[in-house]
Amino acid sequence: MNTNAKVTGKSRREIRHAKQQRQQLLWRAIWGLGGVAVLAIIGYFAWDVLRPKPGQSVLQQARTHIELGDQHEPYNSDPPTSGAHASPVREGFYGEPLPDESLVHNLEHGYVVIWYNCAGLGGDECQNLKTQIRSVIDRAEPVVLGGTGKKLIAMPRLTLDTPIALTSWGRLYKLDSFNEEKITTFIKEFRNQAPEPNAP
């Protein structure tokens, strides 16, 4: 006779039944935790898809490669977010405008362009805005861990109807004033989200 059963006063059947109940509880807990994890993952992806994103989506135009000066279909936004493009420019802060066709090529490679217009600002306000934009670019993380490229360009634009606008491929975000949090959120959200993200 089993001495364990004698000591506890339980039969083998009762011991076996208790063991089965423990195993069932363990499996229910495992399945329950698995279900919660799956629901959390689905919830995260649903939130990521449905949450409001900065700016507005702009219908993407054909990615036609052209030479500077060639005729092409007009851009469907100001500043442009896609379409015909020529040779890209280097990242960095610019004080003089460069051709849209070059900057659209940068967008195709995953760049974010920060456009600024000082027309409605005084001299000090304009200088302050430029300093703030430079600061955002300087503090931005490189696109690739351990790399140096940030894929950020700042460019003046006299036709801009707000002091600041940001563009990425197929996306436009206009701001009535400098807002570092909104700008960095746009950069994190849309930088390198483009047809050729692995291009320099």
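This is a predicted model: local features need pLDDT of at least 70, side-chain atom pairs count only at pLDDT 80 or more; totals for chains, interfaces and linings use all residues.
**Exercise 1.** Determine what share of the contacts between residues at least 6 apart in sequence joins residues at least 24 apart.

**Exercise 2.** Work out where the buried residues of α4 lie around the helix axis, and what covers them.

*Solution.* Begin with the helix itself, which has 17 residues and reaches 25 Å from its first C-alpha to its last, close to the 24 Å expected at 1.5 Å a residue. Next, list its buried residues, which are Cys126, Leu129, Ile133, Val136 and Ile137. They lie on the same side of α4, because they cover an arc of only 100 degrees around the axis. As a general rule, an α-helix has 3.6 residues a turn, so residues three or four places apart point the same way. The face turned away from the buried side carries the exposed residues Gly123, Asp124 and Asp138. Finally, the cover over the buried residues includes β2, β3, β4, β5 and α5.

**Exercise 3.** Decide whether asparagine 117 is buried or exposed, and find its contacts.

*Solution.* Asparagine 117 is found in the loop between β3 and α4. Because buried means under 20% relative accessible area, asparagine 117, at 7% relative accessibility, counts as buried. Leaving aside neighbours within four places in sequence, asparagine 117 is in contact with Arg157, Leu158, Leu160, Thr162 and Pro163.

Technical notes. Residues are numbered from 1 along each chain as its sequence is written. Side-chain values use heavy atoms; hydrogens and water are left out. Helices (H or I, at least four residues) and strands (E, at least two) are DSSP runs, numbered from the N terminus. Buried means under 20% relative accessible area, exposed over 50%, partly exposed in between (1.4 Å probe, protein chains only). Contact means heavy atoms within 4.5 Å. The expected span of a helix is 1.5 Å times one less than its number of residues. The arc is that of the directions from the helix axis to the C-beta atoms.
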